[in-house]
Amino acid sequence: MEDRIRFGVIGLGMMGREFASVSSRWIHLEDSIPRPEIIGICSASEKSQAWFTKRIPGLTCTTTHYHELLKRKDVDAIYVAVPHNLHEQICIDVLRAGKHLICEKPFGIDKAANEAILQEMKKHPTLLVRCATQMIYFPGAKMVLDWFREEKFGRILQIKAGFKHSSDIDQMKPIGWKRRVETNGAYGVMGDLGPHALLLPLRAGVKIHSVFARLSNIITERMNADGCYVACDTWDNALLLAEASRGEDEFPMALEFARIAPGSPNQWYIEVYGMKASIRYDTENANVVYAAEMNGKDQAWTRHELGYTSVYPTITTGLAAFGFGDALLQMWAAYCDEWQGNVPRESCMTPSETHDCHKVFDGALRAQNERRMVAL
(Lines give C-alpha, C1' and ligand atoms only; values in the text may rest on other atoms or scores of the structure.)
Protein backbone atom coordinates (compact mmCIF):
# COMPACT_ATOMS: atom_id res chain seq x y z
CA MET A 1 0.00 0.00 0.00
CA GLU A 2 1.25 3.48 -0.88
CA ASP A 3 1.88 5.73 2.11
CA ARG A 4 1.32 9.01 0.27
CA ILE A 5 -0.44 10.64 -2.68
CA ARG A 6 1.60 13.33 -4.38
CA PHE A 7 -0.65 16.30 -5.15
CA GLY A 8 -0.48 19.32 -7.35
CA VAL A 9 -2.75 22.18 -6.34
CA ILE A 10 -4.18 24.56 -8.94
CA GLY A 11 -5.65 27.60 -7.21
CA LEU A 12 -4.16 28.76 -3.93
CA GLY A 13 -7.02 30.69 -2.34
CA MET A 14 -8.87 29.85 0.87
CA MET A 15 -9.68 26.23 0.01
CA GLY A 16 -6.18 25.59 -1.31
CA ARG A 17 -4.78 26.82 2.01
CA GLU A 18 -7.30 24.69 3.91
CA PHE A 19 -6.05 21.64 2.01
CA ALA A 20 -2.49 22.51 2.98
CA SER A 21 -3.61 22.64 6.60
CA VAL A 22 -5.34 19.26 6.33
CA SER A 23 -2.30 17.63 4.76
CA SER A 24 -0.12 18.86 7.63
CA ARG A 25 -2.30 17.28 10.34
CA TRP A 26 -2.69 13.79 8.85
CA ILE A 27 -1.43 12.21 12.07
CA HIS A 28 -4.79 13.19 13.55
CA LEU A 29 -6.31 10.15 11.81
CA GLU A 30 -6.18 6.73 13.46
CA ASP A 31 -6.53 4.69 10.24
CA SER A 32 -3.63 3.99 7.89
CA ILE A 33 -4.64 6.12 4.92
CA PRO A 34 -2.18 7.44 2.32
CA ARG A 35 -1.12 10.95 3.25
CA PRO A 36 -1.68 13.77 0.75
CA GLU A 37 1.67 15.41 0.08
CA ILE A 38 1.62 18.72 -1.79
CA ILE A 39 4.64 18.78 -4.09
CA GLY A 40 3.48 21.27 -6.72
CA ILE A 41 1.45 24.48 -6.76
CA CYS A 42 0.06 26.75 -9.46
CA SER A 43 -1.23 30.30 -9.16
CA ALA A 44 -0.86 33.61 -10.97
CA SER A 45 -0.55 35.33 -7.57
CA GLU A 46 2.96 35.71 -6.15
CA LYS A 47 1.46 36.41 -2.73
CA SER A 48 -0.46 33.11 -2.63
CA GLN A 49 2.57 31.20 -3.91
CA ALA A 50 4.70 32.76 -1.16
CA TRP A 51 2.22 31.55 1.50
CA PHE A 52 2.75 27.96 0.33
CA THR A 53 6.51 28.09 -0.19
CA LYS A 54 6.91 29.45 3.34
CA ARG A 55 4.78 26.74 4.96
CA ILE A 56 5.00 23.60 2.81
CA PRO A 57 8.37 21.81 2.80
CA GLY A 58 9.26 19.63 -0.14
CA LEU A 59 7.67 21.66 -2.94
CA THR A 60 9.30 20.63 -6.21
CA CYS A 61 7.26 22.78 -8.59
CA THR A 62 5.99 26.34 -8.28
CA THR A 63 4.44 27.66 -11.44
CA THR A 64 1.97 30.07 -13.00
CA HIS A 65 1.10 27.57 -15.78
CA TYR A 66 -0.83 24.51 -14.66
CA HIS A 67 0.31 22.42 -17.65
CA GLU A 68 3.74 22.27 -16.02
CA LEU A 69 2.17 20.40 -13.11
CA LEU A 70 0.33 18.04 -15.45
CA LYS A 71 3.55 17.05 -17.23
CA ARG A 72 5.26 15.93 -14.04
CA LYS A 73 5.59 12.20 -13.41
CA ASP A 74 5.94 12.78 -9.67
CA VAL A 75 2.37 14.19 -9.44
CA ASP A 76 -0.32 11.55 -8.83
CA ALA A 77 -3.40 13.75 -8.39
CA ILE A 78 -4.57 17.32 -8.86
CA TYR A 79 -6.77 19.44 -6.61
CA VAL A 80 -8.55 22.15 -8.61
CA ALA A 81 -9.66 25.12 -6.51
CA VAL A 82 -10.14 27.90 -9.04
CA PRO A 83 -13.09 30.12 -10.05
CA HIS A 84 -15.98 28.24 -11.65
CA ASN A 85 -15.36 29.52 -15.18
CA LEU A 86 -12.00 27.70 -15.20
CA HIS A 87 -13.26 24.29 -14.05
CA GLU A 88 -14.13 22.78 -17.42
CA GLN A 89 -10.86 23.23 -19.30
CA ILE A 90 -8.58 22.54 -16.35
CA CYS A 91 -10.46 19.39 -15.28
CA ILE A 92 -10.46 18.04 -18.83
CA ASP A 93 -6.74 18.71 -19.17
CA VAL A 94 -6.07 17.00 -15.81
CA LEU A 95 -7.89 13.88 -16.96
CA ARG A 96 -6.15 13.84 -20.34
CA ALA A 97 -2.84 14.04 -18.50
CA GLY A 98 -3.76 10.85 -16.62
CA LYS A 99 -3.99 12.45 -13.17
CA HIS A 100 -6.54 11.66 -10.49
CA LEU A 101 -8.82 14.63 -9.85
CA ILE A 102 -10.69 16.33 -7.06
CA CYS A 103 -12.30 19.66 -7.96
CA GLU A 104 -14.21 22.22 -5.97
CA LYS A 105 -17.95 22.53 -6.43
CA PRO A 106 -19.98 23.08 -8.55
CA PHE A 107 -17.77 21.04 -10.92
CA GLY A 108 -18.29 23.29 -13.93
CA ILE A 109 -19.71 26.78 -14.31
CA ASP A 110 -22.96 25.46 -15.81
CA LYS A 111 -24.70 22.25 -16.88
CA ALA A 112 -22.93 22.13 -20.26
CA ALA A 113 -19.50 22.50 -18.66
CA ASN A 114 -20.35 19.85 -16.09
CA GLU A 115 -21.44 17.43 -18.81
CA ALA A 116 -18.24 18.06 -20.75
CA ILE A 117 -16.13 17.12 -17.71
CA LEU A 118 -18.23 13.99 -17.12
CA GLN A 119 -17.94 12.99 -20.77
CA GLU A 120 -14.15 13.24 -20.61
CA MET A 121 -14.14 11.31 -17.34
CA LYS A 122 -15.78 8.33 -19.05
CA LYS A 123 -12.70 8.02 -21.26
CA HIS A 124 -10.49 7.52 -18.19
CA PRO A 125 -12.21 4.89 -16.03
CA THR A 126 -9.10 4.14 -13.95
CA LEU A 127 -8.89 7.69 -12.59
CA LEU A 128 -10.56 8.67 -9.32
CA VAL A 129 -12.70 11.77 -9.94
CA ARG A 130 -14.55 13.48 -7.09
CA CYS A 131 -15.96 16.85 -6.06
CA ALA A 132 -14.99 18.59 -2.81
CA THR A 133 -17.78 19.33 -0.34
CA GLN A 134 -17.24 18.69 3.35
CA MET A 135 -20.59 19.31 5.08
CA ILE A 136 -21.73 15.69 4.79
CA TYR A 137 -18.94 14.72 7.21
CA PHE A 138 -20.34 16.63 10.20
CA PRO A 139 -21.59 14.37 13.03
CA GLY A 140 -25.22 15.36 12.60
CA ALA A 141 -25.10 14.69 8.87
CA LYS A 142 -23.89 11.17 9.63
CA MET A 143 -26.85 10.62 11.97
CA VAL A 144 -29.33 11.91 9.38
CA LEU A 145 -27.87 9.62 6.72
CA ASP A 146 -27.94 6.67 9.13
CA TRP A 147 -31.65 7.29 9.78
CA PHE A 148 -32.34 7.38 6.05
CA ARG A 149 -30.45 4.13 5.54
CA GLU A 150 -32.22 2.49 8.47
CA GLU A 151 -35.60 3.65 7.05
CA LYS A 152 -36.53 5.25 10.37
CA PHE A 153 -38.66 8.06 8.95
CA GLY A 154 -41.52 5.98 7.61
CA ARG A 155 -43.40 7.90 4.97
CA ILE A 156 -41.52 11.12 4.29
CA LEU A 157 -43.72 14.21 4.45
CA GLN A 158 -41.26 17.04 3.78
CA ILE A 159 -37.55 17.89 3.58
CA LYS A 160 -35.95 21.28 4.13
CA ALA A 161 -32.28 21.94 3.43
CA GLY A 162 -30.12 24.98 3.00
CA PHE A 163 -26.85 26.82 3.38
CA LYS A 164 -26.76 30.47 4.27
CA HIS A 165 -24.34 33.05 5.58
CA SER A 166 -24.37 36.76 6.19
CA SER A 167 -20.98 38.05 5.04
CA ASP A 168 -22.44 39.88 2.04
CA ILE A 169 -24.83 41.92 4.15
CA ASP A 170 -21.93 44.38 4.38
CA GLN A 171 -22.62 46.63 1.39
CA MET A 172 -19.06 48.01 1.53
CA LYS A 173 -17.52 44.56 1.05
CA PRO A 174 -15.43 44.72 -2.15
CA ILE A 175 -16.56 42.72 -5.15
CA GLY A 176 -14.87 39.36 -5.75
CA TRP A 177 -15.06 36.72 -8.45
CA LYS A 178 -18.06 35.02 -6.83
CA ARG A 179 -20.12 38.18 -7.40
CA ARG A 180 -19.65 38.20 -11.19
CA VAL A 181 -21.57 36.06 -13.66
CA GLU A 182 -18.49 35.93 -15.89
CA THR A 183 -16.46 34.02 -13.29
CA ASN A 184 -19.04 32.56 -10.91
CA GLY A 185 -21.71 31.69 -13.46
CA ALA A 186 -25.40 32.41 -13.91
CA TYR A 187 -26.28 30.15 -10.97
CA GLY A 188 -24.95 32.75 -8.54
CA VAL A 189 -25.33 31.62 -4.95
CA MET A 190 -26.78 28.27 -6.06
CA GLY A 191 -23.52 27.12 -7.64
CA ASP A 192 -21.52 28.31 -4.67
CA LEU A 193 -23.58 27.00 -1.74
CA GLY A 194 -26.17 24.71 -3.33
CA PRO A 195 -24.07 21.52 -3.69
CA HIS A 196 -23.39 21.53 0.07
CA ALA A 197 -27.12 21.44 0.84
CA LEU A 198 -28.15 19.05 -1.92
CA LEU A 199 -25.56 16.33 -1.41
CA LEU A 200 -27.07 14.69 1.68
CA PRO A 201 -30.61 14.31 0.25
CA LEU A 202 -29.19 13.05 -3.05
CA ARG A 203 -26.93 10.58 -1.22
CA ALA A 204 -29.99 9.38 0.72
CA GLY A 205 -31.81 8.53 -2.51
CA VAL A 206 -33.99 11.62 -2.95
CA LYS A 207 -34.96 12.39 -6.55
CA ILE A 208 -35.96 15.93 -7.54
CA HIS A 209 -38.47 16.06 -10.38
CA SER A 210 -39.45 19.71 -10.74
CA VAL A 211 -38.56 23.07 -9.24
CA PHE A 212 -39.93 26.57 -8.71
CA ALA A 213 -37.46 29.34 -7.85
CA ARG A 214 -37.39 32.85 -6.46
CA LEU A 215 -33.92 34.29 -7.00
CA SER A 216 -32.82 37.67 -5.65
CA ASN A 217 -30.00 40.01 -6.65
CA ILE A 218 -30.06 42.30 -3.62
CA ILE A 219 -26.88 44.35 -3.87
CA THR A 220 -26.39 45.23 -7.53
CA GLU A 221 -23.14 47.22 -7.23
CA ARG A 222 -19.96 46.83 -5.21
CA MET A 223 -16.59 48.56 -5.18
CA ASN A 224 -13.68 47.06 -7.05
CA ALA A 225 -9.99 47.26 -6.08
CA ASP A 226 -9.76 50.78 -7.54
CA GLY A 227 -12.61 52.08 -5.38
CA CYS A 228 -15.05 52.30 -8.30
CA TYR A 229 -18.55 50.86 -8.19
CA VAL A 230 -19.09 48.06 -10.70
CA ALA A 231 -21.98 45.72 -11.46
CA CYS A 232 -22.54 42.90 -8.96
CA ASP A 233 -24.67 40.74 -11.22
CA THR A 234 -25.03 37.35 -9.52
CA TRP A 235 -27.95 36.04 -7.49
CA ASP A 236 -27.37 36.72 -3.79
CA ASN A 237 -30.21 34.59 -2.38
CA ALA A 238 -32.29 31.70 -3.71
CA LEU A 239 -35.47 30.03 -2.44
CA LEU A 240 -36.50 26.86 -4.26
CA LEU A 241 -39.59 24.72 -3.87
CA ALA A 242 -39.21 21.29 -5.42
CA GLU A 243 -41.34 18.22 -6.04
CA ALA A 244 -39.32 15.25 -4.86
CA SER A 245 -39.56 11.55 -4.15
CA ARG A 246 -37.76 8.73 -2.42
CA GLY A 247 -38.91 5.25 -3.24
CA GLU A 248 -42.70 5.35 -3.25
CA ASP A 249 -42.89 8.56 -1.18
CA GLU A 250 -43.63 11.83 -2.93
CA PHE A 251 -43.20 15.09 -1.01
CA PRO A 252 -42.32 18.79 -1.24
CA MET A 253 -38.77 19.90 -0.66
CA ALA A 254 -37.72 23.44 0.30
CA LEU A 255 -34.19 24.59 -0.53
CA GLU A 256 -32.59 27.82 0.67
CA PHE A 257 -29.23 29.25 -0.38
CA ALA A 258 -28.24 32.73 0.78
CA ARG A 259 -25.22 35.00 0.97
CA ILE A 260 -27.30 37.69 2.65
CA ALA A 261 -28.90 35.95 5.63
CA PRO A 262 -29.17 38.23 8.70
CA GLY A 263 -28.16 36.40 11.86
CA SER A 264 -26.63 33.40 10.10
CA PRO A 265 -22.82 33.71 9.96
CA ASN A 266 -22.40 30.29 8.33
CA GLN A 267 -25.30 27.87 8.66
CA TRP A 268 -25.84 24.54 6.91
CA TYR A 269 -28.99 22.68 7.89
CA ILE A 270 -31.30 19.81 7.01
CA GLU A 271 -34.72 18.88 8.35
CA VAL A 272 -36.57 15.66 7.53
CA TYR A 273 -40.17 15.10 8.63
CA GLY A 274 -41.72 11.64 8.49
CA MET A 275 -44.71 9.74 9.84
CA LYS A 276 -42.54 7.58 12.13
CA ALA A 277 -39.67 9.93 12.91
CA SER A 278 -38.29 13.37 12.19
CA ILE A 279 -34.87 14.99 12.56
CA ARG A 280 -33.31 18.47 12.52
CA TYR A 281 -29.62 19.32 12.23
CA ASP A 282 -27.91 22.68 12.03
CA THR A 283 -24.18 23.50 12.06
CA GLU A 284 -24.80 26.54 14.27
CA ASN A 285 -24.96 23.88 16.99
CA ALA A 286 -22.76 21.38 15.21
CA ASN A 287 -22.62 18.66 17.86
CA VAL A 288 -26.36 18.49 18.57
CA VAL A 289 -29.21 16.82 16.68
CA TYR A 290 -32.90 17.15 17.50
CA ALA A 291 -34.94 14.06 16.70
CA ALA A 292 -38.47 12.84 17.33
CA GLU A 293 -39.64 9.25 17.08
CA MET A 294 -43.42 8.96 17.07
CA ASN A 295 -44.99 6.63 19.61
CA GLY A 296 -48.76 6.78 19.33
CA LYS A 297 -49.97 10.18 20.49
CA ASP A 298 -46.69 11.02 22.25
CA GLN A 299 -44.57 13.35 20.14
CA ALA A 300 -41.54 15.12 21.57
CA TRP A 301 -38.20 16.36 20.29
CA THR A 302 -35.16 14.84 21.94
CA ARG A 303 -31.81 16.59 22.04
CA HIS A 304 -28.96 14.24 21.09
CA GLU A 305 -25.47 15.36 22.17
CA LEU A 306 -23.21 13.79 19.55
CA GLY A 307 -19.87 15.21 20.60
CA TYR A 308 -16.93 14.43 18.34
CA THR A 309 -18.22 11.52 16.26
CA SER A 310 -16.43 11.18 12.93
CA VAL A 311 -16.70 8.92 9.89
CA TYR A 312 -13.00 8.10 10.10
CA PRO A 313 -11.67 7.67 13.67
CA THR A 314 -9.22 10.24 15.01
CA ILE A 315 -7.18 10.80 18.15
CA THR A 316 -9.80 13.27 19.44
CA THR A 317 -12.13 11.97 22.14
CA GLY A 318 -15.89 12.11 21.90
CA LEU A 319 -16.08 14.86 24.51
CA ALA A 320 -14.56 17.43 22.15
CA ALA A 321 -16.40 19.65 19.66
CA PHE A 322 -16.36 18.95 15.92
CA GLY A 323 -15.66 21.81 13.51
CA PHE A 324 -15.07 22.89 9.90
CA GLY A 325 -11.43 21.77 9.82
CA ASP A 326 -12.44 18.34 11.13
CA ALA A 327 -15.01 17.94 8.34
CA LEU A 328 -12.36 18.82 5.75
CA LEU A 329 -9.97 16.25 7.22
CA GLN A 330 -12.70 13.61 6.97
CA MET A 331 -13.46 14.53 3.34
CA TRP A 332 -9.82 14.25 2.34
CA ALA A 333 -9.50 10.98 4.25
CA ALA A 334 -12.39 9.61 2.19
CA TYR A 335 -10.73 10.66 -1.07
CA CYS A 336 -7.35 9.22 -0.15
CA ASP A 337 -8.93 6.03 1.20
CA GLU A 338 -10.78 5.51 -2.08
CA TRP A 339 -7.64 6.34 -4.05
CA GLN A 340 -5.88 3.34 -2.50
CA GLY A 341 -8.69 1.06 -3.72
CA ASN A 342 -10.96 0.85 -0.68
CA VAL A 343 -14.68 1.49 -0.54
CA PRO A 344 -14.74 4.71 1.49
CA ARG A 345 -16.80 4.91 4.66
CA GLU A 346 -18.60 7.88 3.10
CA SER A 347 -17.62 8.86 -0.41
CA CYS A 348 -16.79 12.38 -1.51
CA MET A 349 -19.36 13.91 -3.85
CA THR A 350 -19.44 11.89 -7.05
CA PRO A 351 -19.56 13.34 -10.58
CA SER A 352 -23.08 11.98 -11.07
CA GLU A 353 -24.19 13.77 -7.89
CA THR A 354 -22.75 17.03 -9.22
CA HIS A 355 -24.75 16.51 -12.40
CA ASP A 356 -27.95 16.09 -10.38
CA CYS A 357 -27.15 19.42 -8.71
CA HIS A 358 -26.63 21.11 -12.06
CA LYS A 359 -29.99 19.87 -13.29
CA VAL A 360 -31.65 21.50 -10.27
CA PHE A 361 -29.78 24.80 -10.69
CA ASP A 362 -30.39 24.90 -14.44
CA GLY A 363 -34.08 24.22 -13.83
CA ALA A 364 -34.19 26.95 -11.19
CA LEU A 365 -32.85 29.51 -13.67
CA ARG A 366 -35.55 28.54 -16.14
CA ALA A 367 -38.17 28.64 -13.41
CA GLN A 368 -37.07 32.15 -12.42
CA ASN A 369 -37.21 33.38 -16.02
CA GLU A 370 -40.53 31.73 -16.80
CA ARG A 371 -42.14 32.26 -13.38
CA ARG A 372 -43.43 28.70 -13.22
CA MET A 373 -42.64 25.24 -11.93
CA VAL A 374 -40.15 23.59 -14.32
CA ALA A 375 -39.77 19.83 -14.83
CA LEU A 376 -36.20 18.59 -14.68
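Q: Which residues of H6 are buried in this predicted model?
A: The model is a predicted one. Helix H6 spans residues 139–149 and is mostly covered, with eight of its eleven residues buried. Buried here stands for under 20% relative accessible area. The residues of H6 that fall in this class are Pro139, Gly140, Ala141, Met143, Val144, Leu145, Trp147 and Phe148.

Q: Which residue with a positive phi follows H6?
A: Helix H6 covers residues 139–149. After H6 comes a residue whose phi is near 55 degrees, a positive value. That residue is Glu151.

Q: Why does Leu69 count as buried?
A: Leu69 is part of helix H3, residues 66–70. Leaving out residues up to four places away in sequence, Leu69 touches residues including Gly8, Val9, Ile10, Cys42, Cys61 and Val75. The cut-off for buried is under 20% relative accessible area. Leu69 counts as buried because its relative accessibility is 0%.

Q: What distance separates the C-alpha atoms of Leu69 and Ile39?
A: Along the chain, Leu69 and Ile39 are 30 residues apart.

Q: With which residues is Trp332 in contact, leaving aside neighbours within four places in sequence?
A: Trp332 is among the core residues that touch the most other members. With its neighbours within four places in sequence set aside, Trp332 is in contact with Phe7, Phe19, Val22, Trp26, Tyr79 and Ile102.

Q: Why is the protein described as being as compact as a globular protein of its length?
A: The protein has ten helices and 17 strands. For 376 residues the globule rule gives 21 Å, and the radius of gyration of the protein is close to that, so the protein is as compact as a globular protein of that length. The radius of gyration is 21 Å.

Q: What percentage of the contacts with a separation of 6 or more joins residues 24 or more positions apart?
A: Buried residues make up 56% of the 376 residues in the protein. Among contacts with a separation of 6 or more, the share from residues 24 or more positions apart is 69%.

Methods: Residues numbered from 1 in each chain as written. Predicted model: local features only at pLDDT ≥ 70, side-chain atom pairs only at ≥ 80, totals over all residues. Heavy atoms only, no water. Core = buried A, V, L, I, M, F, W, Y, C linked by side-chain atoms within 4.5 Å. Buried < 20%, exposed > 50% of the residue type's maximum accessible area, 1.4 Å probe, protein only. Contact = heavy atoms within 4.5 Å. Helix = DSSP H or I, 4+ residues; strand = E, 2+ residues; numbered from the N terminus. Rg over C-alpha atoms; globule rule 2.2 N^0.38 Å.
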